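Student: I would like to go through this structure by question and answer. Where do we begin?

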Protein chains: 2
Amino acid sequence: MNDLAFDLRSCSNCPIRHRAVCAKCEPDELSRLEEIKYYRSYEAGQPVVWAGDQMDFVGSVVTGIATLSQTLEDGRTQMVGLLLPSDFLGRPGRAIAPYDVTANSDLMLCCFRRKPFETMMNETPHIGQRLLEMTLDELDAAREWMLILGRKTAREKIASLLSIIAHREAALQQSSPHDGSSFDLPLTRESMADYLGLTLETVSRQISALKRDHVIELKGKRKVIIPDFEALIEETGDDADGGMLV
Amino acid sequence: MNDLAFDLRSCSNCPIRHRAVCAKCEPDELSRLEEIKYYRSYEAGQPVVWAGDQMDFVGSVVTGIATLSQTLEDGRTQMVGLLLPSDFLGRPGRAIAPYDVTANSDLMLCCFRRKPFETMMNETPHIGQRLLEMTLDELDAAREWMLILGRKTAREKIASLLSIIAHREAALQQSSPHDGSSFDLPLTRESMADYLGLTLETVSRQISALKRDHVIELKGKRKVIIPDFEALIEETGDDADGGMLV
DNA sequence: CCTGCCAATTGATCCTGATCAAAGTAGATA
DNA sequence: TATCTACTTTGATCAGGATCAATTGGCAGG
């Protein structure tokens with residue numbers, strides 16, 4: 001999330017470049033990557049299966065939204081990963097894991113076949129290093145998410161999610177969110193609820209409340225405008241200056 | 001958490017071996033690691049600082065418990081990482097991050113100075129690979145934790161935590177939890193509350209309830225006995241067979 | 001033994017967000 | 001234009017866990 005400019009150096013003809021495999025690749029490495037690259041599309045609601053013969057792959061999101069989620073015995077579900085354009089999907093060198101991966105909108109993935117990608121990773125240290133960095137970033141995001149789930153009120157949860165999405169959308173344009181920033185909410189109320197550990201009714205109510213209090217404005221159901229970004233941050237409950245060091 | 005037997009192959013004289021740097025190291029690599037290795041102790045409650053000149057390090061827990069936590073503006077805190085003996089601490093090759101690291105009991109760390117460790121990691125691909133695997137495992141644990149925080153009831157949260165600790169304790173003995181398993185709770189009620197996103201009163205009440213319902217037995221305040229491990233798993237709400245694949 | 005201290009337990013009450021229910025809105029299709 | 005469907009909003013009520021408060025238990029030090 002930090003060094004996106006670094007990541008977006010061209011290495012393929014994807015509309016959105018692969019975050020994993022760009023910055024330091026030599027020309028011959030790039031052409032090897034091109035060889036094992038292909039695209040897959042999914043319709044909204046479709047599960048993303050990526051194991052089994054001939055379809056083992058890793059890759060990244062070109063357009064659309066995918067989610068990882070886990071479900072309890074009685075059907076309660078919690079989203080545990082949100083994949084927006086440019087995010088990487090897959091666990092090279094690691095066993096598959098029990099998450100449901102779903103296309104949350106029409107989705108286009110740019111994929112690499114797993115085995116040759118892993119081979120290349122082993123022969124090309126900087127790709128492995130880049131994957132480690134990305135995984136550490138994902139871990140940081142997961143920990144921020146844990147704070148949201150465990151200790152924030154419903155209103156703070158909504159404000160936090162809006163702030164996260166605003167930052168992500170801005171990063172794709174290589175900028176930062178600012179007063180007057182606007183974006184399309186890529187998630188339904190229900191998906192937001194699954195992200196935040198709430199019900200969809202609570203999500204709806206809190207969005208209405210933030211609108212009433214002029215923290216956000218809505219154009220239609222999906223378009224969000226943030227008139228004063230600082231005011232939104234206030235609502236997240238986050239500490240302005242972080243804690244100690246890792 | 002899975003391939004602990006693999007990780008515990010001797011590579012140093014640590015009572016608990018470093019998970020990161022064992023299995024594939026050659027003798028000369030091991031002696032290089034020995035050179036940059038040292039120990040640090042902390043008292044219960046002490047912050048673990050590991051940045052600044054001369055004290056930049058990564059390492060692993062030998063004895064005791066350390067926690068990573070994050071705090072909101074008004075003091076609400078959420079634990080986002082729990083480090084038990086054999087767990088690795090630090091982010092080689094990555095910027096420091098804003099977590100509070102605290103010794104939750106008397107704590108002994110086995111440390112490597114950061115710079116030489118990073119150098120070695122870059123020159124020794126299998127160490128980097130091992131770190132990637134470990135980080136992916138941590139990410140899985142974080143996602144399980146997110147499900148707990150977002151969707152489980154207080155009783156399910158307690159049962160889940162007990163199950164996790166039972167598994168960890170058993171893994172250190174290279175076995176699995178079984179009927180009659182017992183262990184010392186390494187956390188206070190307050191720490192358990194910070195882990196689970198509850199208050200300490202709720203933790204206490206739910207533990208009492210589980211005891212009343214004969215799901216667990218207590219010897220003193222800290223020693224827990226699980227008479228029927230299957231019954232405890234039932235209480236976690238988890239789906240017996242996982243979902244799809246990553 | 002008593003005292004002080006801290007962790008844990010238990011009780012009473014309150015409040016946030018869940019649940020159940022109904023109505024509104026927009027886009028797609030005929 | 002009318003209808004259908006999926007998504008969203010809003011209302012009324014309920015319950016799980018938070019909060020505030022008092023008590024208990026264990027242990028170290030005098």
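Tutor: We begin with a definition: helices (H or I, at least four residues) and strands (E, at least two) are DSSP runs, numbered from the N terminus. The model is predicted, so local features need pLDDT of at least 70 and side-chain atom pairs count only at pLDDT 80 or more, while totals for chains, interfaces and linings use all residues. Residues are numbered from 1 along each chain as its sequence is written, chains are lettered from A and ligands numbered from 1 in the order in which they are written, and side-chain values use heavy atoms, with hydrogens and water left out.

Student: Is A:Phe229 buried or exposed?

Tutor: A:Phe229 lies in helix α8 (residues 229–236) of chain A. Buried means under 20% relative accessible area, exposed over 50%, and partly exposed in between (1.4 Å probe, protein chains only). A:Phe229 has a relative accessibility of 8%, so the residue is buried.

Student: How far apart in space are A:Phe229 and A:Pro177, C-alpha to C-alpha?

Tutor: Contact means heavy atoms within 4.5 Å. Leaving aside neighbours within four places in sequence, A:Phe229 has contacts that include A:His167, A:Pro177 and A:Asp179. In sequence A:Phe229 and A:Pro177 are 52 residues apart, and in space, C-alpha to C-alpha, the distance is 7.3 Å.

Student: Why is the pair of A:Phe112 and A:Phe117 called stacked?

Tutor: Rings of Phe, Tyr and Trp (its six-membered ring) pair if their centres lie within 6.5 Å; planes under 30 degrees apart count as stacked, over 60 as edge-to-face and the rest as tilted. The structure holds 8 aromatic pairs over all chains. For A:Phe112 and A:Phe117 the ring centres are 5.5 Å apart and the planes are at 25°, so the pair is stacked.

Student: Which residue is the bridge partner of A:Lys37 in β7(A)?

Tutor: Two strands pair if DSSP finds at least two bridges between them. Strand β1(A) is joined by 6 bridges to β7 (residues 107–113) of chain A, and the two run antiparallel. In β7(A), the partner of A:Lys37 is A:Phe112.

Student: Which strands stand at the edges of the open sheet in chain A?

Tutor: The sheet has 4 strands in the order β1-β7-β2-β5, with antiparallel pairing. Two of them have a single partner strand each, so one side of each is left without a neighbour in the sheet. These edge strands of chain A are β1 (37–42) and β5 (88–89).
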